[in-house]
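Subject: Structure for your review

Dear colleague,

Please find the structure below. My notes on what was found in it follow.

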Amino acid sequence: MARPKATGAAGMTRRERYDAEQRRRSLIVAATSTVIVLAAIILLVPLAPGWEKVQKSFFNGAVLAKSFPKLLDAFLVNVMIFAWSAPAIAVLGLLIALARDAKSPALFPLRIFGAAFTDIFRGVPVILTVYLIGFGIPGLGLPRPWNSPYIWGSLALILTYSAYVAEIFRSGIDSVHHSQRSAALSLGLSERQVMRDVVLPQAVRNVVPSQMNMLIALQKDVSLLSFIGPVEIFRQAGVFKSLLANFTPYVGAAIIFLAVTIPATRYADYLMARQQKERR
Amino acid sequence: MSKILSLTVALAMVSTTAMAGGHCAAGKTLTEGKLTIATGNPAYYPWVMDDAPESGQGFEAAVAYAVAGEMGFASEDVVWVRSSFDEAIQPGAKNFDFNMQQYSITPERDEVVDFSAPYYTAPMAVLVGPGAVDTEATMAGLKALKWGAVGSTTAVPKLENVIQPDSRPLLYGDNADVNAAISANQIDAALFDLPTALFLSAVMIEGSKVIGQFAPDASDNPDQFGMLMEEGNALKACVDEALAALTESGALAAIEAEWLQDTTGVPLIK
């Protein structure tokens with residue numbers, strides 16, 4: 001009333017006006033600093049003495065055009081390995097989690113097995129597991145096609161990732177409050193029924209966003225199979241790199257990976273945000 | 001004590017005057033008066049014996065010392081360093097005057113680095129595992145095999161364009177991994193340059209055999225090894241001159257016969 005200039009913000013409280021002003025200011029600061037940083041990168045990087053050489057070696061349009069179709073083709077191998085590994089990991093991971101959670105004293109060996117499994121396969125670098133299983137087991141003298149690097153390399157990925165996934169499932173199981181278990185038991189449900197019908201449905205839902213992150217990581221680690229033979233995108237890019245003495249194919253491979261992983265990451269973020277909202 | 005000192009000084013002066021004698025390489029090497037040569041880590045038989053290039057034993061070590069001698073460097077002025085493939089082709093300054101580790105000369109590589117004139121033309125050879133030693137060395141016989149190769153070598157285009165196998169080849173990071181795959185019977189055959197194939201079959205993979213070789217001119221792209229140098233290296237002219245002189249005199253062929261004479265006894269694939 002006493003402020004003639006407040007017509008634009010009519011109906012706003014003083015607090016709201018203050019907040020709007022703060023938002024406006026922070027927007028301006030954010031925009032300015034982003035523009036400055038971007039301008040610095042765009043203007044300064046090409047000024048570096050080696051920029052032309054780097055551009056020729058890493059961002060070469062002709063090389064990219066030449067190698068991209070074959071890179072996409074090789075990426076199908078990644079997708080294939082991913083497609084059969086991911087379900088196997090989910091199943092084995094859940095089984096290991098359940099083994100570690102076994103309550104009956106008679107099943108104690110199962111708990112030990114679960115603990116040993118996660119300790120070993122989480123502790124050994126993926127690439128070592130891939131090498132040891134991928135070359136080691138076929139070396140025992142299996143006939144073809146049972147000695148295929150696709151089979152044993154995938155198994156190495158499955159074992160390693162199951163160990164991580166099992167731990168995430170276990171944290172999900174632990175996140176279901178103990179009172180739910182007690183309540184279900186008091187209703188006369190068996191231990192098995194409690195786990196299957198009460199605990200697991202909640203546990204799995206709770207850990208979906210974390211498991212999404214494992215999927216994204218797996219998508220990238222499929223490339224480790226290239227060390228034992230399969231020509232997937234990383235190896236194909238390496239072949240081009242060596243033939244053309246140019247690193248652009250790696251940039252091409254990175255673009256293809258990003259095209260898949262960025263949407264997946266955003267989706268995981270979305271799931272996580274939604275879950276947090278639900279919990280509030 | 002002072003005698004030794006003055007002797008050293010005198011020797012140093014002699015060598016300085018020798019270098020200042022207007023030789024081609026003067027002022028063009030990394031360290032004045034020294035020739036810095038890079039090789040692989042480790043470097044393999046028969047290119048370098050016992051991973052000790054300083055001995056001059058092995059084909060590339062011998063060629064290196066012959067070239068150095070031709071350029072006016074004494075043996076003790078040759079300094080050896082080690083490098084990986086990626087280190088050598090990335091843009092930027094190099095820590096060697098030239099790099100010898102069986103670099104095949106390709107036009108694409110030549111855009112990023114410089115190559116000397118070729119010092120060896122390597123034929124490609126077929127190494128088969130114990131399960132496939134009876135394979136006939138014909139195109140039809142080879143197509144049916146399960147193939148492997150090192151992914152960073154020119155064996156890959158050779159496989160794709162010349163042999164065109166029936167099933168997709170498997171590719172590996174280095175020779176040791178190809179060996180493991182042959183030993184595990186995951187692949188029947190692998191394509192290497194002949195000297196490497198002979199070494200692997202003789203020493204590394206029991207029961208394997210080199211069943212044939214492609215004539216160096218069987219494709220439009222024979223594998224020629226060149227010394228790799230930084231793009232625009234002024235030393236290239238001197239190295240080429242030395243290699244030309246060694247080829248002319250037959251010294252290069254003699255070195256090749258001495259270290260790579262095993263090349264006989266492997267039939268040509270037609």
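**Chain B and its fold**

The model is predicted, so local features need pLDDT of at least 70 and side-chain atom pairs count only at pLDDT 80 or more, while totals for chains, interfaces and linings use all residues. Residues are numbered from 1 along each chain as its sequence is written, chains are lettered from A and ligands numbered from 1 in the order in which they are written, and side-chain values use heavy atoms, with hydrogens and water left out.

Of the 270 residues in chain B, 49% are buried (under 20% relative accessible area, where exposed is over 50% and partly exposed lies in between, with a 1.4 Å probe and protein chains only). Among the contacts of chain B with a separation of 6 or more, 73% join residues 24 or more positions apart; a contact means heavy atoms within 4.5 Å. The chain exposes about 11,900 Å², and carbon and sulfur atoms supply 55% of that area (Shrake-Rupley method, 1.4 Å probe; for residues, only the protein chains shown count as cover).

**The interface**

The contact between the chains takes 31 residues from chain A and 33 residues from chain B. About 2,500 Å² is buried between chain A and chain B, with 54% given by carbon and sulfur atoms (the accessible area, 1.4 Å probe, that two parts lose on being put together, summed over both). F135(A), R144(A) and L243(A) supply 23% of the area that chain A buries against chain B, more than any other three residues.

F135(A) is also one of the buried residues of helix α5 (residues 126–136) of chain A, which include V130(A) and I133(A). The cover over the buried residues of α5(A) includes α4, α6 and α8 of chain A, together with β8 and α7 of chain B.

**Individual buried residues**

N179(B) is found in helix α7 (residues 175–183) of chain B. N179(B) counts as buried because its relative accessibility is 7%. Beyond its neighbours within four places in sequence, N179(B) is in contact with L200(B), M204(B) and I205(B).

L225(A) lies in the loop between α8 and α9 of chain A and is buried, with a relative accessible area of 0%. Not counting residues up to four places away in sequence, L225(A) touches residues including V130(A), Y150(A) and P230(A). Its C-alpha atom is 9.1 Å from that of N78(A), 147 residues apart along the chain.

T248(A), in helix α10 (residues 248–279) of chain A, is buried at 2% relative accessible area.

**The largest pocket**

The largest pocket has a volume of about 1,200 Å³. On a 1 Å grid over the protein atoms alone, a pocket is an open set of points where a 1.4 Å probe fits, with protein on both sides within 12 Å along at least five of seven lines, and lining residues have an atom within 4 Å of a point. The volume is the space filled by probe spheres set on the points, which are joined across faces, edges and corners.

The lining has 50 residues, and V150(B), S152(B), T153(B), G173(B) and D174(B) lie nearest the centre. The largest share, 5 residues, comes from α9(A). By class, there are 22 nonpolar, 19 polar and 9 charged residues (Ala, Val, Leu, Ile, Met, Phe, Trp, Tyr, Cys and Pro are nonpolar; Asp, Glu, Lys and Arg are charged; the others, Gly among them, are polar).

Kind regards

Definitions and conventions: Helix = DSSP H or I, 4+ residues; strand = E, 2+ residues; numbered from the N terminus.
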